[in-house]
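This report concerns a complex of protein chains.

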Amino acid sequence: MYLKKNIKNMFLQPKRFILSFIFIAFSVSLSAQKYPVYNFETFTPMLGKQSDTTYVINFWATWCRPCVKEMPAFNNLQQEYKDNKIKIILVSLDFGNDLQSKIERFAQIHKIKSTIIILDDPDSNSWIDKVDSNWSGAIPATLIYNKNKRKFYEQSFTYEDLKSTVNQFIIK
Amino acid sequence: MKKIVFINLFILALFSQALGQGYVVGDKAENFKLKNVDGEYISLYNYTPAEKGAIVIFTCNHCPYAIAYEDRIIETDQKFRSKGYPVIAINPNDPELVPEDSFEKMQVRAREKSFPYPYLLDKTQEVYKMYGAKRTPHVYLLNKENGDFMVSYIGTIDDNYKDASAVEKQYLDDAVTALLNGDKPNPDFTKAIGCTIKDKNYKK
């Protein structure tokens, strides 16, 4: 009965209908997730691209101190290598409430320009070895690869270390 | 031929010790003696509740994964202590690097949560290296065989750190239950995402 009345109103008051439509569309776009959320299956293609581009995939979380400490190194890399074939993907393993806003705040404070995605797949025993069999599961950890070379680093990077490591990969 | 294999195994064992790889399943766990939050020292081989074995868990105050598992560690201790497999929690972190993991803060946390198990500080950070722990939390399930504590399971507690109610595989619980039934844990090795152990000598 109520619905019927509403539909009737819709045609009687087209202006109101359009306004409410805009409002709904606006709120949908607001609630859209800024950082895409993956499970390991949907994330897997990012680990095996066969191209000239060197992928630097860093596993981190906002609360992980050594991860936060090495963020400037990835920022510098993004800045200094922007003309090279390089793609940095920061894979957040954060969990808990307000994930999107927590990461957004973090990205603003640390002025992060690289791509951030969220990997939400709590059965980590099932996928850690698929990233690299030498990975114990501790973060930070970084996978660097391109079509010719692939190496996994369970460690923190200074910018100097990161730069000299990435230089061994870059395909000109 | 057999001799060569044996010598190779021996060399391999020496190397893995030298490289600091720590224990693998089947190794004998050496004794440790560390200070508990109540001020008393606890040593593995003299710990009376460890009648059949022990559940040694490297964990800490500050790590979100460790915090997420606190209640489950308490439950594990409550379930298995009386059956001869008590939990012994060890904080491997250097408090100079993480002030929340200081001995005093450990005492506070143990009081707040009424930990039913000992919570020890690995002050010289030698014990976690001996075990080869890489992250918090990191579990080493030990089974007492002829007076020796043998490493029987290494890994994580279960398959869902963020939601205890969504757990499907209770790795640690299953492993202890297997030992209680006279079986070998299967799997006896699992991995999980965790916080690095905070050590000034950690590779940078």
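## Strand pairing between the chains

In this predicted model, strand S5 of chain A (residues 138-139) pairs with S9(B) in the parallel sense, and two bridges join them. Within S9(B), B:Cys195 is the bridge partner of A:Ile139.

## The interface

Contacts between the chains involve 18 residues of chain B and 18 residues of chain A. On the side of chain B that touches chain A, strand S9 (residues 194-196) of chain B supplies the largest share, namely three residues. By residue class, this side of chain B comprises eight charged, five polar and five nonpolar residues.

For the complex, the predictor reports a pTM of 0.85 and an ipTM of 0.85.

## Architecture of chain A

Chain A contains seven helices and seven strands. Their order along the sequence is α-α-β-α-β-α-β-α-β-α-β-β-β-α.

Of the 172 residues in chain A, 27% are buried. Among the contacts in chain A with a separation of 6 or more, 74% are between residues 24 or more positions apart.

## Confidence in chain B

Chain B has a mean pLDDT of 92, with 89% of its residues at 70 or more. In residues 12-19 of chain B, however, the pLDDT is below 50, and this stretch has one contact in the model beyond near neighbours in sequence.

Methods:
Residues numbered from 1 in each chain as written. Chains lettered and ligands numbered in written order. Predicted model: local features only at pLDDT ≥ 70, side-chain atom pairs only at ≥ 80, totals over all residues. Helix = DSSP H or I, 4+ residues; strand = E, 2+ residues; numbered from the N terminus. Buried ≥ 20, exposed ≤ 12 C-beta atoms within 10 Å, placed from the backbone. Contact = placed C-beta atoms within 7 Å. pLDDT = per-residue confidence, 0-100. Nonpolar A, V, L, I, M, F, W, Y, C, P; charged D, E, K, R; others polar. Pairing = 2+ DSSP bridges.
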